[in-house]
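I opened this entry to look up a helix pair, a ligand shell and a few loop residues. My notes follow in the order I checked them.

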Amino acid sequence: MSTEALRIVWIYPDLLSTYGDRGNALILARRARQRGFRVEVLEVRSDQQLPTVADIYLIGGGEDGPQALGAQRLLADGGLHRAVAQGAVVFGVCAGYQLLGASFFAKGTQYRGLELLDISSDRGPSRAVGELAGDIDARLGLPPLTGFENHGGRTRLGPGAAPLARVTHGVGNDGATEGAWRGKLLGTYSHGPALARNPALADLLLRWATGAHQLPPLEDTWADRLRAERQAAVAATVRP
Ligand code: GLN
């Protein structure tokens, strides 16, 4: 982490912000400030160069066209690769998750991804839309993931990436696993402001970025209540 402030970069809000993705930057900044960190949030548009010195990079969801354009610009920019080589944390949501991998499909065409995560995405048989829930990789020590998903792609993990969660409801990568992580890179199909619904995941990213083993607990009753409510709701749903 920098000696100055914790620097959070939101990548390409002009392309990859279909689902309120700004919420992830807001949640991270607020939870860091509540622990006494000074925080700077930088929004970097797709016509700007990506700074390489930030601590956390956020990439949001998007439709196929902006997703393909975003991946091409990030490849041409090269800044995210340099930041990752320097130990930056990356959090990708949906389109932003897919484009971290080797390849993905957009509008029927296969595009090259950033090859930062050992994943690749294909077009699925149907669009995955609805509640998404899963038990997170025990090594991360987090409560179950909950969220909402809306994507056409399906994602295969190579040996270099571990699933973020085992799906208990919804589709995620392929109906069995959801998301992926390696080192300080993490991606999920849990939509938009996923960190608002999963504050423990936000704290994991903050711990990775700051090197802190633990962060003082915050009042998260609202998120716990929402998780319990959604889990009860999906348990009551009869699968077609
Ligand atoms: N365009 C991608 C897909 O449909 C990602 C969608 C999204 O970000 N929600 O799979």
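I count two residues as in contact if their C-beta atoms, placed from the backbone, lie within 7 Å. I am working on a predicted model.

**Helix pair**

I started with helix H1 (residues 22-34) and helix H6 (residues 199-210). Their axes come within 10 Å and cross at roughly 70°. Angles of 65 to 115 degrees count as roughly perpendicular, so H1 is roughly perpendicular to H6. I noted the hand as well: H1 passes H6 in a right-handed crossing.

Which residues meet there? From H1 I listed Ile27, Leu28, Arg31 and Ala32. From H6 I listed Pro199, Ala202, Asp203, Leu205 and Leu206. By class, this contact of H1 with H6 has 7 nonpolar and 2 charged residues, and no polar ones.

**Ligand shell**

Next I looked up what surrounds the ligand. I found Gly61, Gly62, Glu63, Asp64 and Gln67 among the surrounding residues. Cys94, Ala95 and Gln98 are also in the shell. Asn150, His151, Gly152 and Gly153 complete my list.

E8 gives the most, with 4 residues. I sorted the shell by class: 8 residues are polar, 2 are nonpolar and 2 are charged.

**Positive phi**

I turned to backbone angles. Lys107 has phi near 50°, a positive value in a residue other than glycine. I placed Lys107 in the loop between strand E5 (103-106) and strand E6 (109-112). Buried or exposed? Lys107 counts as exposed, because it has 11 C-beta neighbours inside 10 Å and the cut-off for exposed is 12 or fewer.

Glu115 also went into the notebook. Its phi is near 55°, again positive in a residue other than glycine. I placed Glu115 in the loop between E6 and strand E7 (119-136). With 14 other C-beta atoms within 10 Å, Glu115 is partly exposed.

**One more loop residue**

Last, I checked Gln86. Where does Gln86 lie? I found it in the loop between helix H3 (79-85) and strand E4 (89-93). Gln86 counts as exposed, because it has 11 C-beta neighbours inside 10 Å. I also compared Gln86 with Val53. The two are 33 residues apart in sequence. In space they are 8.1 Å apart, C-alpha to C-alpha.

Note on methods. Residues are numbered from 1 along each chain as its sequence is written. This is a predicted model: local features need pLDDT of at least 70, side-chain atom pairs count only at pLDDT 80 or more; totals for chains, interfaces and linings use all residues. A residue is near a molecule or strand if its C-beta atom, placed from the backbone, lies within 6 Å of it. Helices (H or I, at least four residues) and strands (E, at least two) are DSSP runs, numbered from the N terminus. Ala, Val, Leu, Ile, Met, Phe, Trp, Tyr, Cys and Pro count as nonpolar, Asp, Glu, Lys and Arg as charged, and the others, Gly among them, as polar. A residue is buried if 20 or more other C-beta atoms lie within 10 Å of its own, exposed if 12 or fewer, and partly exposed in between; C-beta atoms are placed from the backbone. Axes are lines fitted to C-alpha atoms, for helices over the stretch in contact, and angles run from 0 to 180 degrees between N-to-C directions. Angles under 35 degrees count as roughly parallel, over 145 as roughly antiparallel, 65 to 115 as roughly perpendicular and the rest as oblique. A crossing is left-handed if the near helix is turned anticlockwise from the far one by less than a right angle, and right-handed if clockwise.
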